[in-house]
Amino acid sequence: MKRTINKVAVLGSGIMGSRIACHFANIGLEVLLLDIIPKELTDAEKKAGISETSPKFRNRIVDTSLQSAVKSNPSPLYRKSFSSRIRTGNFMDNMKDIAACEWVLEAVVENLEIKRSVFDQVEKYRSPGTLITSNTSGIPIHLMCDGRSDDFKKHFCGTHFFNPPRYLRLLEIIPTHFTDPEVTGFLSYYGDVYLGKTTVSCKDTPAFIANRIGVFSILSLFHLVEKMGMSVDEVDKLTGQVLGRPKSATFRTCDVVGLDTLIKVAKDVYERCPQDESRDIFKLPGYILALNEKNWLGDKSGQGFYKKVKSPSGKSEILSLDLKSFEYVPRSKTKFATLDAAKNLDSFRERIKVLFSGTDIAGEFYRASFLQLFSYISHRIPEISDDLARIDDAVCAGFGWEEGPFSIWDILGVRELVELMEKNGTPPAKWVSDMLKNGVNSFYELSNGIKLAYQPSLSKRVASDASGSLVILDALKEKIVWKNSGTTLTDIGDGILNLAFHTKMNTIGGEIIQGMNTAIEMAEKDFKGLVIGNNGPNFSAGANLGMIFMFATEQEFDEIDMAIRAFQNMNMRVRYSSIPVVVAPHALTLGGGCEMTLHADKVVASAETYIGMVEFGVGLIPGGGGSKEFTLRASDSFSQGNIDEMVLREYYLTIATAKVSASAHEAFDMKILKSGRDEISVNPSRVITEAKRAALELANEGYTKPVPGKDIKVLGRSALGMIYAGAEAMKSGNYISDHDQLISRKLAYIMCGGDLSAAAYVSEQYLLDLEREAFLSLCGERKTLERIQSILSSGKPLRN
């Protein structure tokens, strides 16, 4: 059956419902968001003369919820204006309007009887064939089908989004035995391609997949902390980014999500899973019960494992909970030899091996927690899933793990850990031992571009659902055609090469410049096109500031000049090669990464791309062609009904304010991405695949090498004076420093074409020379070096 989704109804406008509605709006759908009518008028409504028949009263709950969601940070919307795609209403007046919707999603309170009463109304008004799903996080899906029509049952299943829906990629799909396979197949496809989700088909078991495993992992840590006498600060130091997990780690994550949510899941699993061999793990430790009794539930109650207070000096301070005294104490500096040994390892695979083999209490902690977790996941097959890859996918997408538990087990060695698990008293399920006896020593295998995962029911590895349709760089190692210490060039098929970066934070230095030049040379000779994309956490944090700082402090300005020339020449080669070059940015794409993107023939960006030229923040201007490119783009926009100086000012301010987009959609507004040319992929796993398609299309359409621009209009003194005056006013008002004013004048000089008496037409090379001169002069400024040193000391990427 051919299905299209144009209009969706979301029933329930709480935290989940309102944000799911926003994400539907993100992808261009018309959304109907409904909720209950308030019980009575407020005093303010009475004073304003609003009656109980007024839509302002009847829609107050849903309107307030939506407004709260739109104002929340981080935003649930790619663009604030997308909220106009959401129409609000109430169950009594507007339930009839669901007849025009192709998908009706229920997200009301977690109460079976309330859900059933809502479905009574849905049954009354829905059109035959309409999809109906519930966003329940734990109520058995099959219980909601009782008393429903055959057509309802056929088109009904669970669709469990994770909060916040825009950012957490997991969508669990839970069919009943009545659900038409076409419905689950469509929702899996639609969730993947259109909603950008990792879609995981689940069995209708308590907590489904992600929460069953994720909450077990957290509860087992809770018990381990009590047993080992560890502190809140110690555990969060050990279980954050170093472990390939979110920065919020364990206890901070519980505060953000709410301890009551975790307790609810734990109690539900304990009560409904009497056969679970590790059921006692879901019993809450004493300190968790005490927190619940005190209503110290985290951010929602003002305190939990952490508490924000004002110090005597008036500054905000974060205190952590002492689990023994139950008093909040200053956060302690924790240090472990195992962490010191692992902290400089960028590769997760190498880092996890060091962490697991540590000889101090940290290593003991890691071994105890992982051995227990590995045993647990093995026993959940086939209870919660027949497919181990789905368990990994669910945990990664739902809890933000870099690698899933089965994948981590593979890295550490399946056979070796089975022996440890048996010694530890936590043996794995029998199928793991059977797998090893049959000569299969790992759960996964990457081969010929396809990811294979072991299927216990079949006693062999099979391709995962999406394998074959996606470009999986890790599965194409035999297709690597060239590499150096910072890049890998891979033949991804159909005449297209892919250049991936793997320097620290994918910063751009000599190895990436060499890799780029080699990639273009090889592509021009033997291939149709080139994609620049990688699977790292970020596309690129920008240029290698450490190198610039070293040369500048030693006053090696000739070296800086050569480096900047090489960077400019690389980006110009991206723009003026004889083959199409498509850049596929995602996540942080800052500074030099943004400049590279600006020079592409086409950009296919992940929706979650945070891109901008942030060089102002370290006292520099974009020196890799970014200042030139924005001047060129401003020139292309002149005389289109606007005053030229005001057009230039808009482009200038984007750089001068170091603005970073909050999504790829905002990058279009900032003129970094080009309307009518560039594309957005909602699913980051598909970005390189879509970029490959785009490169092929350009090549097959008869790609022609562009001609370098020599007719770029610059405005000279008329615009230069305007920008100088604006900077002087900002300085006089103490909004910017003397150094900020200096940088702004340098940038203005470039973008106005220099101190020209009148508007003129110049070449790209002319602007590149101005750009390089300005960059070099700023490298000699003490304030610039101080800013660079500060950024390098923080270890964090520069972003607005």
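Glu690 is partly exposed, because its relative accessible area is 25% (buried means under 20%, exposed over 50%, partly exposed in between; 1.4 Å probe, protein chains only). Arg693, at 27%, is also classed as partly exposed. Their side chains meet in a salt bridge, at 2.9 Å from N to O (a side-chain nitrogen of Lys or Arg within 4 Å of a carboxyl oxygen of Asp or Glu). Both residues lie in helix α28 (residues 687-700), 3 residues apart, about one turn of the helix. Helices are DSSP runs of H or I with at least four residues, strands are runs of E with at least two, and both are numbered from the N terminus.

The model is predicted; local features need pLDDT of at least 70, side-chain atom pairs count only at pLDDT 80 or more, and totals for chains, interfaces and linings use all residues. Residues are numbered from 1 along each chain as its sequence is written, and side-chain values use heavy atoms, leaving out hydrogens and water.

The structure holds 55 salt bridges. One of them pairs Glu106 with Lys115, with the closest N and O atoms 2.5 Å apart. Glu106 is buried at 1% relative accessibility. Lys115 is buried, with a relative accessible area of 1%. Lys343 and Asp340 form another salt bridge, at 4.0 Å from N to O. Here Lys343 is exposed at 53%, and Asp340 is partly exposed at 30%.

Gly612 lies in strand β22 (residues 609-612). Its relative accessibility is 0%, so Gly612 counts as buried.
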